[in-house]
Amino acid sequence: MSRLASTGAKLASVPLSSLTRFPPKEALVASSSSSTFSPESWSSLQPNPPSALSALSHRIGFGSVLQIPELEQACTHPSALPLFAKRFPNQKPPSANGNLSNLGNALLGLFASEFVATSYPHMPTRVLKAAVSAYVGPNTCVNVAKEVGAAPLLRWNRTPSTPLKPAVLHHDALSSIPRSLVALIYHRRSLSSARKFTHQFFLSREVDLRKMLKFRDPKVALAETVAKFGREKPISRLLKETGRLSNSPVFVVGVYSGTEQLGEGFGSSLKMAEYRAAEDALHRLYLTKTPPEMVRLPTMTFPEVDGNIFTKGEEIEYRPGQLGTSEVQLGSAGRSRIIT
């Protein structure tokens, strides 16, 4: 009984006032070798209170659009269905969010890809893929679910891995809720509403892209890149120094192409400062960001009206942005450290 009480205290989405009988009959019967009561499994089978689902829809700004049954479906992971069928074989199983999660994942990838590719036109392909994962990947989806208060509403069941399917963990199940919400907003409102929701909760986050762009030898990569643009060969020049003969010297080196400074770096040795200067020059090129007021996304051209993309309405003229003319070919590695 103490385990049941402690588990119930952690599950804010299952208030005792919403239950017809508490504690459940299975918890009062002495456990046998063939049947053991699991508070976690029991709690995952309880329906969410309508008030909690309504509060969730209002927190994300779609209280008058999303219906309670749809929100219940968005919070039900497919892993809970086998457990429900085993526990209640004569009842109709609840709707799961498998299809909604797949649709929402595709929409999130669409919105993030066009945003990153338009904002950073020179970004290498590998880094672009890593940036998209950082903006709308599983970790970000879990954080969004916790921030909007959807974590206590999740209905799921931990399942072990099989030769055909990987194990289902809480992290995997929780990440399906924000994806399902994006799909519901797209289904109930429009593509424009789903894009605005994605920009508000996902793409407005600060992501350090510099850590995703690594080079085994920045000097060689910079020389190759400068040659592609038909510029003069980069040359390193010492700009400042202090404490050369001490045990903590600092050198500031700039890398130039002709008279134009491409990058600048510092270090405790000339070699380290030269390395950082070349890396800074590459970051300035490949991570050049388009001003927000000049960003024009392809999905912005659809009419700002409710309905599918074929609904008639005022369309916005699409002006394509700048496309990068160079791709890193030497010493480029993403977060996977794979060198191209």
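I count two strands as paired if DSSP finds at least two bridges between them. Helices (H or I, at least four residues) and strands (E, at least two) are DSSP runs, numbered from the N terminus.

Before going on, I noted that this is a predicted model, where local features need pLDDT of at least 70, side-chain atom pairs count only at pLDDT 80 or more, and totals for chains, interfaces and linings use all residues. Residues are numbered from 1 along each chain as its sequence is written, and side-chain values use heavy atoms, with hydrogens and water left out.

**Entry: the sheet**

I traced the strands next. The sheet is open, has three strands in the order β2-β3-β4, and pairs them antiparallel. β2 (235-242) and β4 (260-267) are the edge strands with a single partner each, so one side of each has no neighbour in the sheet. Neighbouring strands are turned by 20° against each other on average, direction ignored. For such angles, axes are lines fitted to C-alpha atoms, for helices over the stretch in contact, and angles run from 0 to 180 degrees between N-to-C directions.

I then checked the pairings. β2 and β3 (residues 250-257) are joined by seven bridges. I235 faces Y256 of β3. Seven bridges also link β3 and β4, again in the antiparallel sense. There I found F251 with G267 of β4 as its bridge partner. The hairpin of β3 and β4 has two residues between the strands, and G258 takes a positive phi near 75°.

How many of the eight residues of β3 are buried? I found seven, so β3 is largely enclosed by the rest of the structure. Buried means under 20% relative accessible area, exposed over 50%, and partly exposed in between (1.4 Å probe, protein chains only).

I also looked for a helix on the sheet. Helix α14 (residues 270-286) lies across β2, β3 and β4, at about 135° to β4.

**Entry: α7 and its neighbours**

I moved to helix α7. It has 22 residues and reaches 32 Å from first C-alpha to last, close to the expected 32 Å at 1.5 Å a residue. The expected span is 1.5 Å times one less than the number of residues. Its buried residues include L100, G104, L107, F111 and F115. The buried residues of α7 pack against α5 (68-74), α8 (125-136), α9 (138-147), α11 and α12 (191-201).

At what angle do α7 and α11 pack? Helix α7 (residues 98-119) meets helix α11 (residues 176-188) at about 80°, with the axes 7 Å apart. That makes α7 roughly perpendicular to α11. The classes are roughly parallel under 35 degrees, roughly antiparallel over 145, roughly perpendicular from 65 to 115, and oblique for the rest. I sorted the contact residues into eight nonpolar, five polar and one charged.

I finished with α12. It is mostly covered, with eight of its 11 residues buried. F197 and F201 are among them. The buried residues of α12 pack against α7, α9 and α11.

**Entry: the whole chain**

I counted 14 helices and five strands in the protein chain. Buried residues make up 42% of its 340 residues.

Terms used:
Nonpolar A, V, L, I, M, F, W, Y, C, P; charged D, E, K, R; others polar. Contact = heavy atoms within 4.5 Å.
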